[in-house]
2 protein chains.
Amino acid sequence: MRLPMSPYAEIPRPVEQAIDVLAQFARVTELWSPKVIAQVNDQYVKVARLLGEMPWHHHAGEDELFWVLRGRLRLEFRDHVVELEPGECCVVPRGVEHHPVCAEECWIVLIETVTTRHTGNLTTPQTRSIEEQLS
Amino acid sequence: MRLPMSPYAEIPRPVEQAIDVLAQFARVTELWSPKVIAQVNDQYVKVARLLGEMPWHHHAGEDELFWVLRGRLRLEFRDHVVELEPGECCVVPRGVEHHPVCAEECWIVLIETVTTRHTGNLTTPQTRSIEEQLS
């Protein structure tokens with residue numbers, strides 16, 4: 001089995017093996033604290049549990065994809081709202097301000113560039129380093 | 001709603017809206033013929049239906065992520081085999097030969113670079129152009 005190195009830490013990402021996506025949520029012990037489960041090209045695939053809200057923020061040069069597996073996620077944009085049900089995903093383009101809100105706990109998959117800070121232009125108590133997300 | 005242009009065709013990819021992943025399979029009318037459902041950064045998210053097998057191939061400079069939603073996918077590598085169940089994914093690193101085999105119909109999500117040819121280094125009757133995959 002090959003284990004290429006992450007560009008951010010000496011933590012190998014699994015390749016050529018089955019990754020059970022829901023089982024990876026066992027690593028998620030805090031809300032709003034994503035864990036990297038795979039890397040494909042320059043993108044990380046992450047899992048996270050959300051409840052409550054994250055402040056309005058944006059990612060200057062990077063798109064972000066949210067994919068809901070359980071629960072519901074409300075993505076507020078400045079001019080409209082997207083309500084995501086399980087099995088639905090949504091791309092937030094680079095530079096676009098968004099406000100994630102979850103009235104109930106929501107389990108999501110995130111796809112974002114390896115360099116993306118998940119709290120975007122903000123540093124908040126929710127901000128987790130890439131090293132924490134890889135752990 | 002913003003609709004940025006694909007680098008490959010004058011076909012906008014949806015952003016800032018809900019994409020029902022399973023519903024996107026309605027666009028898939030042929031086996032082994034992926035359809036692009038989203039773009040995040042330089043990666044396409046695609047859906048495809050597989051049955052039977054694709055010849056051994058590789059992608060010289062690009063990783064590929066397979067995620068099984070329904071059915072089962074057997075990914076044969078030269079030195080081992082990965083059997084993917086629903087809810088499991090697997091990263092095939094760049095340059096690694098692989099042989100996808102499905103004894104039963106399998107519905108997958110693929111994540112690969114916008115420039116990736118889904119049949120890799122081969123041109124086969126299964127090969128579909130990016131334009132076909134965007135349609």
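View 1. At 8% relative accessibility, D63(A) counts as buried. The model is predicted. The side chain of D63(A) forms a salt bridge with that of R94(A), at 2.9 Å from N to O. The pair spans distant parts of the chain, 31 residues apart. D63(A) lies in the loop between β3 and β4 of chain A, R94(A) in the loop between β7 and β8 of chain A. R94(A) is partly exposed, at a relative accessible area of 39%.

View 2. E112(A) belongs to β8 of chain A, residues 98–113. E112(A) is buried, with a relative accessible area of 0%. Its side chain makes a polar contact of 2.7 Å with that of K46(A). Residues touching E112(A) include D42(A), Y44(A), D63(A), H118(A) and Q133(A). N41(B), from chain B, also touches E112(A).

**View 3. The salt bridge of E112(B) and K46(B).** The two side chains meet at 2.7 Å, N to O. The partners are 66 residues apart. E112(B) is in strand β8 of chain B (residues 99–113), and K46(B) is in strand β3 of chain B (residues 43–53). E112(B) is buried, at 0% relative accessible area. K46(B) is buried as well, at 0% relative accessibility.

**View 4. The salt bridge of E104(B) and R72(B).** Here the side chains meet at 3.7 Å, N to O. E104(B) sits in strand β8 of chain B, while R72(B) sits in the loop between β4 (64–70) and β5 (73–76) of chain B. In chain A, salt bridges with shared partners join R72(A), E85(A) and E104(A) into one network.

**View 5. The interface of chain A and chain B.** The two chains bury about 3000 Å² between them, 63% of it on carbon and sulfur atoms. In chain A, E16(A), N41(A) and W67(A) lose the most area to chain B, together 23% of what that side buries. Contacts involve 40 residues of chain A and 40 residues of chain B. Across the interface there are 16 residue pairs in polar contact, but zero salt bridges. The chain A side comprises 20 nonpolar, eight polar and 12 charged residues.

**View 6. Strand pairing between the chains.** β1(A) pairs with strand β7 of chain B (residues 88–92). The sense is antiparallel, over two bridges. I19(A) stands opposite C89(B) in β7(B).

Note on methods: Residues are numbered from 1 along each chain as its sequence is written. Chains are lettered from A and ligands numbered from 1 in the order in which they are written. This is a predicted model: local features need pLDDT of at least 70, side-chain atom pairs count only at pLDDT 80 or more; totals for chains, interfaces and linings use all residues. Side-chain values use heavy atoms; hydrogens and water are left out. Helices (H or I, at least four residues) and strands (E, at least two) are DSSP runs, numbered from the N terminus. Buried means under 20% relative accessible area, exposed over 50%, partly exposed in between (1.4 Å probe, protein chains only). A polar contact is a pair of N or O atoms within 3.5 Å; within protein, one must be able to donate a hydrogen and the other to accept it, and residues adjacent in sequence count only if both atoms are side-chain atoms. Contact means heavy atoms within 4.5 Å. Buried area is the accessible area (1.4 Å probe) that two parts lose on being put together, summed over both. A salt bridge is a side-chain nitrogen of Lys or Arg within 4 Å of a carboxyl oxygen of Asp or Glu. Ala, Val, Leu, Ile, Met, Phe, Trp, Tyr, Cys and Pro count as nonpolar, Asp, Glu, Lys and Arg as charged, and the others, Gly among them, as polar. Two strands pair if DSSP finds at least two bridges between them. Lists of a residue's contacts leave out its neighbours within four places in sequence.
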